[in-house]
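Please keep the sequence and structure in view while reading.

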Amino acid sequence: LNNRQPILITGGAGFIGSNFIRYYLGRREDVHVVNLDKLTYAANLEGLSELEDKENYSFIKGDICDADLVSSIFEEYGIASVIHFAAESHVDNSIERPADFIKTNIEGTFTLLQVAKHHWLERQSGVSSDRRNRFHHISTDEVYGSLGAEGSFDETYPYAPNSPYSASKAAADFLVRSYHHTYGLNTVISNCSNNYGPHQHGEKLIPTIIRKALAEEPIPIYGDGKNVRDWLYVEDHCRALELVFEKGKSGETYAVGGNCEKTNLELAKNICSILDKKVPRNEGRYADLITFVKDRPGHDFRYAINSSKIKGALGWRPKEDLRSGLERTIDHYLEKYITKA
Ligand code: NAD
């Protein structure tokens with residue numbers, strides 16, 4: 001490993017994980033990333049192809065629930081830190097098939113914690129004096145439940161998850177918390193809002209809007225389109241993750257939001273108006289395709305994050321405004337969908 005710090009990144013073939021690995025390896029020469037990913041339907045190795053030949057990057061196909069595998073990775077690479085992205089992440093799927101969410105999000109996180117505890121605290125292998133053994137767990141603002149028209153979530157907000165997805169993430173957060181308080185594991189948790197940007201799976205809201213619009217099909221919007229989400233550009237999130245991982249205080253959690261609240265309808269209209277300029281329709285405008293569909297059961301009304309803590313403690317600010325972030329995202333999908341069409 002040429003004296004590089006070996007970091008296990010789980011779920012690194014997913015949307016945020018793959019963006020983070022590219023971002024982080026572009027900035028750090030002194031780390032070796034071991035990407036452990038099961039390659040579920042949600043994974044996409046395309047975004048990582050440029051890293052294949054790098055000597056400070058290894059990919060392992062496997063399941064975070066497989067304790068023997070995870071342990072052998074710790075052993076072989078002397079894993080010094082973990083950044084844990086791997087999850088079943090789509091709320092609609094959690095309503096249809098919650099068992100996968102319980103398995104990966106709860107049992108998988110438990111497995112990683114157990115192995116980390118064993119290697120770092122019990123056997124003290126893989127520990128070098130100048131490096132802290134850090135476990136960074138990536139979570140969501142959905143653990144806090146739903147807001148009314150006013151207020152926002154911060155790190156002290158009580159947990160009230162409403163979907164099997166958010167409940168499984170909440171359980172994982174609590175396990176991570178308990179490993180810090182009970183065993184002294186060096187943990188940090190970050191809870192972020194909705195990410196958007198290149199390489200997100202086509203099932204999620206923004207890629208769906210773009211794909212349907214380009215196919216001239218109805219653009220489905222749940223309920224009356226008034227549900228509010230806070231949008232965080234994935235690169236801004238990556239900068240926050242780097243700060244939390246490297247400088248966050250052990251045992252703490254950090255809420256990360258884009259300071260960009262939009263109703264789903266506003267968001268769809270924004271995307272349609274950018275598409276109108278980039279790929280004009282023959283007749284009418286893309287917004288004409290917006291169609292309201294039956295609401296998702298248990299659909300949280302509003303999420304909003306107060307990011308004062310990470311701003312004050314670690315100096316983070318989101319840089320991308322929604323318009324430019326959407327332009328960049330749309331350019332990525334135009335290349336993907338139009339080139340492949
Ligand atoms: P994603 O669905 O795009 O990627 C998840 C990755 O995890 C996939 O590559 C998948 O193959 C892998 N994976 C799933 N089960 C696995 C298992 N058992 N073992 C190993 N790998 C497995 O997810 P994402 O959008 O990149 O989200 C990453 C993390 O961030 C998740 O923990 C998610 O809960 C959290 N998060 C995401 C968002 C968002 O807007 N995307 C918002 C808040 C929090």
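The protein chain has a mean pLDDT of 94, with 97% of its residues at 70 or more. For the complex, the predictor gives an ipTM of 0.99 and a pTM of 0.95. This is a predicted model, in which local features need pLDDT of at least 70 and side-chain atom pairs count only at pLDDT 80 or more, while totals for chains, interfaces and linings use all residues. Residues are numbered from 1 along each chain as its sequence is written.

The ligand is surrounded by 31 residues, counted when the C-beta atom, placed from the backbone, lies within 6 Å of the molecule. The closest are Gly11, Gly14, Ala43, Ala87 and Thr140. Helix H1 (15–27) is among the elements that supply at least two residues of this shell, and H1 gives the most, with 3. Helices (H or I, at least four residues) and strands (E, at least two) are DSSP runs, numbered from the N terminus.

H4 also contributes to the shell. The axes of H4 (residues 98–122) and H5 (residues 164–183), lines fitted to C-alpha atoms over the stretch in contact, come within 8 Å and cross at roughly 15°. H4 is therefore roughly parallel to H5, as angles under 35 degrees count as such.

Note on methods
Axes fitted to C-alpha atoms, helices over the stretch in contact; angles between N-to-C directions. Parallel < 35°, antiparallel > 145°, perpendicular 65-115°, else oblique. pLDDT = per-residue confidence, 0-100.
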